[in-house]
Amino acid sequence: MEIQSNFSLKKYNTFGIEANAKQFVAVHSIAELKTVLAANQNEKKFILGGGSNMLLTKDIDALVIHIDLKGKKTIKEDDDFVWVESQAGETWHDFVLYTIDNNFGGLENMSLIPGNVGTTPVQNIGAYGTEIKDTFVSCEAMNIETQEMRTFNNAECNFGYRESIFKHEVKDQYIITSVIFKLTKRNHKINTSYGDILAELAKANITEPTLKDVSNAVIAIRQSKLPDPKELGNSGSFFKNPILLKSDFEKIHQKFPEMKFYEVSETEVKVPAGWLIEQAGFKGKRFGDAGVHKNQALVLVNYGNATGQEILAVSKEVQKTVFETFGIQIEAEVNVI
């Protein structure tokens with residue numbers, strides 16, 4: 001465990017932005033994490049997971065602690081369910097494939113989402129009708145100041161749409177070190193409610209899909225729409241889908257009857273941000289080495305040497321134009337550093 005100075009973070013963020021950390025250390029165990037925190041109590045700290053949900057707009061004037069805790073195991077099971085624990089540094093997609101290989105159900109719709117397991121509760125990540133909160137049992141987290149461990153159960157996490165307690169009440173106070181999920185062993189609840197998944201299954205003449213079938217369908221859909229960060233820098237969806245009160249949406253919908261939407265409750269609807277951005281004319285648009293992806297307008301990309309500031313400028317222009325066009329504010333899902 002070595003602390004390095006003036007360390008390049010280009011390989012540690014999926015946008016591939018060139019930025020340096022004042023200091024950098026990777027930790028591989030709870031003991032190492034505790035040691036680093038205790039020995040650097042007066043240093044500013046920046047916690048780094050998979051680097052998939054952030055846009056670096058400057059160098060990090062802090063000690064960057066990369067959470068590289070590995071391991072996964074079954075901690076208990078009965079006839080119907082299994083409780084699986086993953087360490088925070090496991091790659092999310094690899095963990096999803098591990099659960100599918102063991103015929104554990106619940107995470108298959110979230111295949112190929114970039115990032116590590118430890119950051120999934122922070123965002124309450126989700127895709128194709130499922131979210132982390134649906135299978136999340138608890139997570140272990142270390143208090144940055146005291147190095148004491150605490151367990152957060154599902155209710156304590158205050159999960160919402162891409163929201164949790166870790167983005168608000170206890171932001172920058174804890175480091176998630178492991179997560180436990182409760183998954184099905186039989187009578188799986190196969191969720192194919194999204195049209196894209198049904199279409200993909202139909203292409204393969206699959207009428208009774210398995211967990212693996214759903215995962216393969218999701219992977220195919222994501223690969224057709226989303227660029228591989230190893231080939232084209234990006235962080236997946238850059239913006240949240242806006243949720244509007246039905247009363248507000250109805251006024252907007254009268255002006256734009258072709259606008260797509262999904263009901264999320266009796267009083268709210270969700271509008272696809274990708275549709276708004278595409279209609280505003282940004283899909284496939286390039287500004288130097290920063291731009292909006294040609295297949296999915298929700299995704300901002302780095303074509304090679306874009307700076308974080310340049311990508312941020314594109315995001316602000318998108319937000320401004322969408323608001324001027326539709327009167328709808330879209331928020332960044334990505335953390336801007």
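Residues are numbered from 1 along each chain as its sequence is written, and side-chain values use heavy atoms, with hydrogens and water left out. Because the model is predicted, local features need pLDDT of at least 70 and side-chain atom pairs count only at pLDDT 80 or more, while totals for chains, interfaces and linings use all residues.

Helices and strands are taken as DSSP runs numbered from the N terminus, with at least four residues of H or I for a helix and at least two of E for a strand. Two strands pair if DSSP finds at least two bridges between them. On this basis, five strands form an open sheet in the order β6-β7-β12-β10-β11, with antiparallel pairing. Strands β6 (72-77) and β11 (149-153) stand at the edges with a single partner strand each, so one side of each has no neighbour in the sheet. From one strand to the next, the twist averages 25°, where axes are lines fitted to C-alpha atoms (for helices, over the stretch in contact) and angles run from 0 to 180 degrees between N-to-C directions.

Five bridges join β10 (residues 136-143) to the antiparallel strand β11. Along this pairing, Cys139 faces Phe152 in β11, and Ser138 stands opposite Asn153 in β11. The two strands make a hairpin with five residues between them, and Gln147 in its turn has a positive phi of about 65°. With β12, strand β10 pairs in the antiparallel sense over seven bridges, and Asn143 stands opposite Tyr174 in β12. Helix α1 (residues 30-39) packs on the sheet, where it touches β10, β11 and β12 (174-184), and its direction makes about 40° with that of β10; contact here means heavy atoms within 4.5 Å. Six of the eight residues of β10 are buried, so the strand is largely enclosed by the rest of the structure. Buried means under 20% relative accessible area, exposed means over 50%, and partly exposed lies in between (1.4 Å probe, protein chains only).

The next topic comes from a database record. An unreviewed UniProt entry lists Arg162, Ser237 and Glu333 under "active site". These positions are given in the numbering used here, feature names are shortened, and such annotations may be inferred rather than shown by experiment. The three residues span 172 residues in sequence, yet no two of their C-alpha atoms are more than 11.5 Å apart, so they gather at one spot. Ser237 lies in the loop between β13 (233-234) and β14 (243-245), and its 26% relative accessibility makes it partly exposed. Setting aside neighbours within four places in sequence, Ser237 is in contact with Leu298, Val299, Glu333 and Val334. Glu333 belongs to the loop between α8 (308-326) and β20 (335-336) and, at 14% relative accessibility, counts as buried. Not counting residues up to four places away in sequence, Glu333 touches several residues, among them Arg162, Ser237, Phe238 and Phe239.

Aromatic rings come next. Rings of Phe, Tyr and Trp (its six-membered ring) pair if their centres lie within 6.5 Å; planes under 30 degrees apart count as stacked, over 60 as edge-to-face and the rest as tilted. By this rule there are 16 aromatic pairs. In one of them, the ring centres of Phe238 and Phe239 are 5.1 Å apart and the planes stand at 65°, so the pair is edge-to-face. Both Phe238 and Phe239 are buried. Ring pairs also link Trp92, Phe95, Tyr98 and Phe181 into a cluster. A charge sits over a ring if NZ of Lys or CZ of Arg is within 6 Å of the ring centre and within 35 degrees of the ring normal. Lys72 lies over the face of Tyr98, 5.2 Å from the ring centre, and the charged end of Lys270 sits over the ring of Tyr161, 4.4 Å from its centre.

Two asparagines complete the picture. Asn124, a residue other than glycine, has a positive phi near 45°. This residue is in the loop between α3 (120-123) and β8 (126-127), and Asn124 is buried, with a relative accessible area of 0%. Asn187 also has a positive phi, near 50°, and is found in the loop between β12 and α4 (195-203). At 65% relative accessibility, Asn187 counts as exposed.
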